[in-house]
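Keep the structure in view while you work through each solution.

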Amino acid sequence: MAVFRSFVVTALLAAASFSAGAADAPGTITILEGEAQIFRGMSRYVAAEGVRLAFGDIVETGDNTFMQVELGDQSTLQLGGISRVMINGGPGRAKPERWVYFMNGWAKVSGAKRDPKAEAPYEVRAPLFEIAPNPGVVVLLATPSDVQLFVERGEVRLTERQRAGGGTAAVAMKSGDTYRRKVAARGTVAQEATPDFLAKMPKYIRDTLPSRMDRFRDQDVKPKDAPDFGYADVELWMKAEAAIRRPFVQRWRAKAFKDPAFKAGVVANMSSHMEWDPILFPEKYLPKEPPSTPAATPAQQQSVAPASTNQPPPTR
């Protein structure tokens, strides 16, 4: 499972490759019940079992959908209905970074014991918390403004983000603990899951399912094209925190120029992502020319003409 380190996301997200092969795919969809879609580059695809995900992919599930994604570090991500995640990675300061950004919905993250042959481990990042890689199991229900998290197995060290007054805070939890928090508030930890949380938890997330990776290891399943997406389809991502949303300028700038409706959505919500303003309205950011000095009129020239040297001699 994943427990978070310091949250430093760079614009390398924009440069991530959107074509993954068997060797470099960060994850594979191994179970899918219901509908789901994948946003990759400027395209949208229909998800299917066996599809290999690419770095930078945004995955969204439909109502009552269950999806299992087996990641390259041998951890597993299970998603419930109406969940949104982005899988990404890039070179870090000392070693490659791998992370799953969880925007909202139900999820269960089952970490794997470190295998020297496995890829760099995945962190879990979200608007209100981050969790660094560890072999535990965590079930969570989150939105951009609140989170409930249950430690099913293992020990977890969670780092709170977006705290009132700034800064971060570490929260240590163990098996059976439940963490709850709303934006700008401090989180609380209880020693058991609340009845409300258990009642809402999808039944398929209660179980830890076996790996199905061997079934798809030698297959190359291509996702089918889905209808083009509009601004409303990616609005939550466009309005995400700056480190997440800014790379979309490069990813979707061509779409903004080709799709008038998408551009209109960007313009109407510009205050939420001002980094788009110089892209769509570059004339506003051109250097201003210094004001020109107007040429003097003949009258002005005469008024400043030097006094004549042909003065009459002084009278005695």
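**Exercise 1. Find how many aromatic pairs there are, and describe the pair of Tyr231 and Phe262.**

Solution. Rings of Phe, Tyr and Trp (its six-membered ring) pair if their centres lie within 6.5 Å, and planes under 30 degrees apart count as stacked, over 60 as edge-to-face and the rest as tilted; by this rule the count comes to 9 aromatic pairs. Next, take the rings of Tyr231 and Phe262, whose centres are 6.1 Å apart and whose planes stand at 65 degrees, so this pair is edge-to-face. Then locate the two residues: Tyr231 is in the loop between strand S19 (224–225) and helix H3 (235–238), while Phe262 is in helix H6 (residues 260–268), so the pair ties together parts 31 residues apart in sequence. Here helices (H or I, at least four residues) and strands (E, at least two) are DSSP runs, numbered from the N terminus. Finally, Tyr231 and Phe262 are both buried, where buried means under 20% relative accessible area, exposed over 50% and partly exposed in between (1.4 Å probe, protein chains only).

Before going on, note where these values come from. The model is predicted, so local features need pLDDT of at least 70 and side-chain atom pairs count only at pLDDT 80 or more, whereas totals for chains, interfaces and linings use all residues. Residues are numbered from 1 along each chain as its sequence is written, and side-chain values use heavy atoms, with hydrogens and water left out.

**Exercise 2. Describe the surroundings of Glu70.**

Solution. Begin with its place, which is strand S7 (residues 66–71). Glu70 is buried yet has no salt bridge, and the nearest side chain of opposite charge, Arg217, is 6.6 Å away. A salt bridge is a side-chain nitrogen of Lys or Arg within 4 Å of a carboxyl oxygen of Asp or Glu; Lys and Arg count as positive and Asp and Glu as negative, while His and the chain ends are not counted.

Turn next to polar contacts (pairs of N or O atoms within 3.5 Å; within protein, one must be able to donate a hydrogen and the other to accept it, and residues adjacent in sequence count only if both atoms are side-chain atoms). The side chains of Glu70 and Thr30 are joined by such a contact of 2.9 Å, and the side chain of Glu70 also reaches the backbone nitrogen of Met213 at 3.5 Å. Counting contacts as heavy atoms within 4.5 Å, and leaving out residues up to four places away in sequence, Glu70 touches several residues, including Pro26, Gly27, Ser211 and Arg212.

To finish, look at Asp73, found in the loop between S7 and strand S8 (76–79). Asp73 is buried, with a relative accessible area of 5%, and a polar contact of 2.5 Å joins its side chain to that of Ser75.

**Exercise 3. Decide whether Lys255 and Asp228, which form a salt bridge, are buried or exposed.**

Solution. The whole structure holds 20 salt bridges. In the one between Lys255 and Asp228, the closest N and O atoms are 3.1 Å apart. Lys255 lies in helix H5 (residues 248–258) and Asp228 in the loop between S19 and H3, so the pair ties together parts that are 27 residues apart in sequence. Lys255 is buried, with a relative accessible area of 4%, whereas Asp228 is exposed, at 52%.

For a second case, take Asp277 and Lys284, which form a salt bridge with the closest N and O atoms 2.9 Å apart. Asp277 counts as buried at 4% relative accessibility, and Lys284 is exposed with a relative accessible area of 52%.
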